[in-house]
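I opened this notebook to record what I looked up in one structure. The entries are grouped by topic.

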Amino acid sequence: MSVSPRLPQRQRSGCVYSSIHGFNQDEIKEKLQAFHGGSIDLLKQDSGIAVLTINNPSRMNAFSGSMMIDLEERVSQLENWPEGKGLIVQGAAETFCSGSDLNAVRAISNQQDGMKMCMFMQNALTRLLRLPLISVALVEGRALGGGAELTTACDFRLMAAGSVIQFVHKHMGLVPGWGGAARLVHLVGSQNALKLLGGAVKVDPELGVNIGLVDGVLEGHQKAEGAAPLLQQAENWLSRYTKGPAPVIQAVKKVVLSGRELPLSEALRTEKDIFGTVWGAPANLEALASKSKHK
Ligand SMILES: CC[C@@H](C(=O)O)C(=O)SCCNC(=O)CCNC(=O)[C@H](O)C(C)(C)COP(=O)(O)OP(=O)(O)OC[C@H]1O[C@@H](n2cnc3c(N)ncnc32)[C@H](O)[C@@H]1OP(=O)(O)O
């Protein structure tokens, strides 16, 4: 997806790294492919809300190499979904994601491979965040390390009661490398980001809401009796923002994205271009014809 014709080439493709940064996607894909297991599953629904599931339950949904490749492919599919309006990112089997698969991490612990994996995942997660869809991470159970970083690549985060988001990188002798630190600073400010990373703090729903990392708390769990399943609750929560025609919802996301990422003058010009795609378009003409009141 291109946010707008005004974004520089590297952002137009949604990627941060390309060949000019010495990044060769095919090379790292070949390496990652050797560490298989699990999958990233995509369900596109008629409602315009897709569900992306991190699926590797025997390893607490840790990211194998092949899952990293899967993720990039699923993001490509979502970039080419004209009817899309929203996205929910969840983990399988009642937990979110325990970060990189440590078996793969051990095998590529040399400097060069680490940098390549880092660039690959930054590209994939940046493209995820830049999708013209309103996205929400549904955190049930644990979101650790790269799993915590993944939550920051969504527009919103919902946490089930009893869940934890934890940037455990410091305990691994690391800092985030999937873009999670940069995004965290944008979300909670540098003071809070420093506390979360420096202390490898366990963020429960209450703390998450207090610092602005978390947008809502859900009760129960996927199979709970009484309360609606978490996925249903997340869909209900998201639907208030995805109600309406896809081109309008996508335009909403794009103007916010350009405001978030571009200097003001550029963001304003981009907003004009995006405005031009909805002005006089069917949804706009219908609304004008119906003389609707905004009560
Ligand atoms: C670049 C690295 C950085 C990044 O990408 O940004 C990272 O993400 S590094 C990875 C950070 N994550 C971790 O260090 C998590 C390590 N795991 C745990 O702390 C615990 O397993 C848990 C997630 C808290 C769950 O604990 P518990 O409920 O007690 O279950 P088990 O420990 O028995 O786990 C079940 C099973 O899952 C395997 N597992 C869990 N996480 C990973 C992982 N990240 N990679 C590979 N395998 C993982 C765990 O080893 C168990 O397997 P078996 O022993 O075979 O049953």
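**Entry 1. Conventions.** I worked from a predicted model, in which local features need pLDDT of at least 70, side-chain atom pairs count only at pLDDT 80 or more, and totals for chains, interfaces and linings use all residues. I number residues from 1 along each chain as its sequence is written. Helices (H or I, at least four residues) and strands (E, at least two) are DSSP runs, numbered from the N terminus.

**Entry 2. Helix α5.** I looked up α5, residues 111-129, which has 19 residues. From first C-alpha to last, α5 reaches 27 Å, close to the 27 Å expected at 1.5 Å a residue; the expected span is 1.5 Å times one less than the number of residues. I then listed its buried residues, among them Met 117, Phe 120, Met 121, Ala 124, Leu 125 and Leu 128. A residue is buried if 20 or more other C-beta atoms lie within 10 Å of its own, exposed if 12 or fewer, and partly exposed in between, with C-beta atoms placed from the backbone. Lys 116, Gln 122, Asn 123, Thr 126 and Arg 127 are also buried in α5. The buried residues of α5 pack against α2 (25-33), α3 (65-79) and α6 (146-151).

**Entry 3. α2 against α5.** I found that α2 and α5 pack at an angle of about 105°, with their axes 10 Å apart. Axes are lines fitted to C-alpha atoms, for helices over the stretch in contact, and angles run from 0 to 180 degrees between N-to-C directions. α2 and α5 are therefore roughly perpendicular to each other; angles under 35 degrees count as roughly parallel, over 145 as roughly antiparallel, 65 to 115 as roughly perpendicular and the rest as oblique. Gln 25, Ile 28 and Lys 31 of α2 meet Asp 113, Lys 116, Met 117 and Phe 120 of α5. Sorted by class, this contact of α2 with α5 has 3 nonpolar, 1 polar and 3 charged residues. Ala, Val, Leu, Ile, Met, Phe, Trp, Tyr, Cys and Pro count as nonpolar, Asp, Glu, Lys and Arg as charged, and the others, Gly among them, as polar. Two residues are in contact if their C-beta atoms, placed from the backbone, lie within 7 Å.

**Entry 4. The core.** Which residues have the most contacts inside the largest nonpolar core? They are Met 68, Leu 138 and Val 139, in a core of 64 residues. α5 gives the most to this core, with 7 residues. Such a core is a set of buried Ala, Val, Leu, Ile, Met, Phe, Trp, Tyr and Cys residues joined through C-beta atoms within 7 Å. Leaving out residues up to four places away in sequence, Met 68 touches Leu 32, Phe 63, Phe 120, Met 121 and Ala 124.

**Entry 5. α10 and α11.** The axes of α10 (residues 246-261) and α11 (residues 264-278) come within 9 Å and cross at roughly 175°. I therefore recorded α10 and α11 as roughly antiparallel to each other. Their contact includes Val 248, Ala 251 and Val 255 of α10 and Ala 267, Ile 274 and Val 278 of α11. By class, the contact of α10 with α11 has 7 nonpolar, 4 polar and 2 charged residues. α11 is followed by Gly 280, whose phi is positive, near 75°.

**Entry 6. Positive phi.** Most residues other than glycine have a negative phi. Met 60, which is not a glycine, has a positive phi of about 50°. Met 60 lies in the loop between β2 (49-55) and α3, and is buried, with 20 other C-beta atoms within 10 Å. Glu 94 has a positive phi near 60°. I placed Glu 94 in the loop between β3 (86-91) and α4 (102-107), where Glu 94 is partly exposed, with 16 other C-beta atoms within 10 Å.

**Entry 7. Ala 153.** I found Ala 153 in the loop between α6 and β6 (156-160). Is Ala 153 buried or exposed? With 24 C-beta neighbours inside 10 Å, Ala 153 counts as buried. Not counting residues up to four places away in sequence, Ala 153 touches Leu 125, Leu 128, Leu 129 and Arg 183.
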